[in-house]
Amino acid sequence: MNKTRRISTVGSVAAVLLLAAGCGSGDNGAARNTNSVQPAGAGKALGGAYDTGYGAGGYGADAAAGSGSGSDVGAGSGKAGSAGQLSVRDIASVGSVVTDSAGMALYRFDKDTPQPPKSNCDGDCAAVWPAVPADDATAAAGIDAALIGSVDRTDGSKQLTLGGWPVYRYAKDTKAGEAKGEGVGGTWHALAPDGKKAIDKKQKEAANTGSGSGSGSGTGMEMGAGMGGMNMKSGAELSVADNEKLGKILVDGQWRTLYRFDKDSAWPMKFGCLGACLDTWKPAAAIDKAKAEGINGKLIGSVKRPDGSEQLTIDCWPVYTFTGDTEPGQANGHNKQGLWFAVTAEGKKVPPTA
């Protein structure tokens, strides 16, 4: 009996060691082999993590506004009612976005389908992403009225569609001109006038013109005209860019700088960015390794967040994009609060002195 128990114990320890070998501290220089990691501690934040991702008075210090669990969906002008006249509004970080008559940004969900239209957001999801009723919606200049339609929801109500995509508001947008929902979970995106993703159109236009505004959050990291020497590749979901200040850093498929957060933990994997923090730091969606360029595939993985979405990990660290980066090539989030850092081609964090 004792011999059997001893063998069982040894086996359990070996299993733990093998699992731990897949994701270590993230800074020991060893390549990781894991593809998908389940977080420890039920995805709870590490003690002392900043919910906002900033300190008081920092850039975006109002990010916590409207950051409730989703029960505040009625807050803010126009959230609960019909859309009224749809219009197009330029939101710096996202592009040309369709808004309702109150100026609130409208969104689409990647897990829905446009042909035929179908909404896959019900229950708790619909509390955070309230469906926009189809009644009384009209189109202003810049929106083709023929693209406006409706879809029957599971509760029997009719939801507005644009280009076939069901239309939603975001509970954490509390005033006109906000688009805090852009990129949430890697599946929610502000709507362009043709029903596509506004951010995709903005990034394509920036790439075609080869010019950025250079305006950022005033951190001194903005790249300026001509993308500031960023060597950006097309077609890849993850690649390496030459940043003139930081060196070779990782960027996503839209050429946005990727960051890691010191309040997260690579092993055991825990999240320090939860709640209002996610209004400003967007979890990067998991990718297909075959669509990565310039990085060892063994460093690429994913982790399931508390909301069920899959987040990209690099060397076992969850990575994010920063809403303060308003143009491709910017790295305004680097060294924010001494906690957020761009990531090197080897999966390490760029030093704060860079």
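Modeller: This is a predicted model.

Biologist: What makes β9 and strand β10 a pair?

Modeller: Pairing takes at least two bridges. β9 and β10, residues 165-166, have two bridges, so they meet that cut-off. Their sense is antiparallel.

Biologist: Which residue takes a positive phi in the hairpin of β9 and β10?

Modeller: Gly 163, with phi near 60°. That hairpin has two residues between the strands.

Biologist: How do you know that strand β8 pairs with β9?

Modeller: Again, the cut-off is at least two bridges. Five bridges join β8, residues 148-152, to β9, so the two strands count as paired. They run antiparallel. Within this pairing, Gly 149 has Thr 161 of β9 as its bridge partner.

Biologist: What is there between the strands in the hairpin of β8 and β9?

Modeller: Five residues. In this hairpin Gly 156 has a positive phi near 90°.

Biologist: Why is β9 called largely enclosed?

Modeller: A buried residue has under 20% relative accessible area. Four of the five residues in β9, residues 158-162, are buried, so the rest of the structure largely encloses this strand.

Biologist: What share of the whole protein is buried?

Modeller: Buried residues are 46% of the 354. The protein exposes about 15,000 Å², with 53% of that supplied by carbon and sulfur atoms.

Biologist: How many helices and strands are there in the protein?

Modeller: Three helices and 22 strands. Of the contacts with a separation of 6 or more, 68% join residues 24 or more positions apart.

Definitions and conventions: Residues are numbered from 1 along each chain as its sequence is written. This is a predicted model: local features need pLDDT of at least 70, side-chain atom pairs count only at pLDDT 80 or more; totals for chains, interfaces and linings use all residues. Side-chain values use heavy atoms; hydrogens and water are left out. Buried means under 20% relative accessible area, exposed over 50%, partly exposed in between (1.4 Å probe, protein chains only). Contact means heavy atoms within 4.5 Å. Accessible areas come from the Shrake-Rupley method with a 1.4 Å probe; for residues, only the protein chains shown count as cover.
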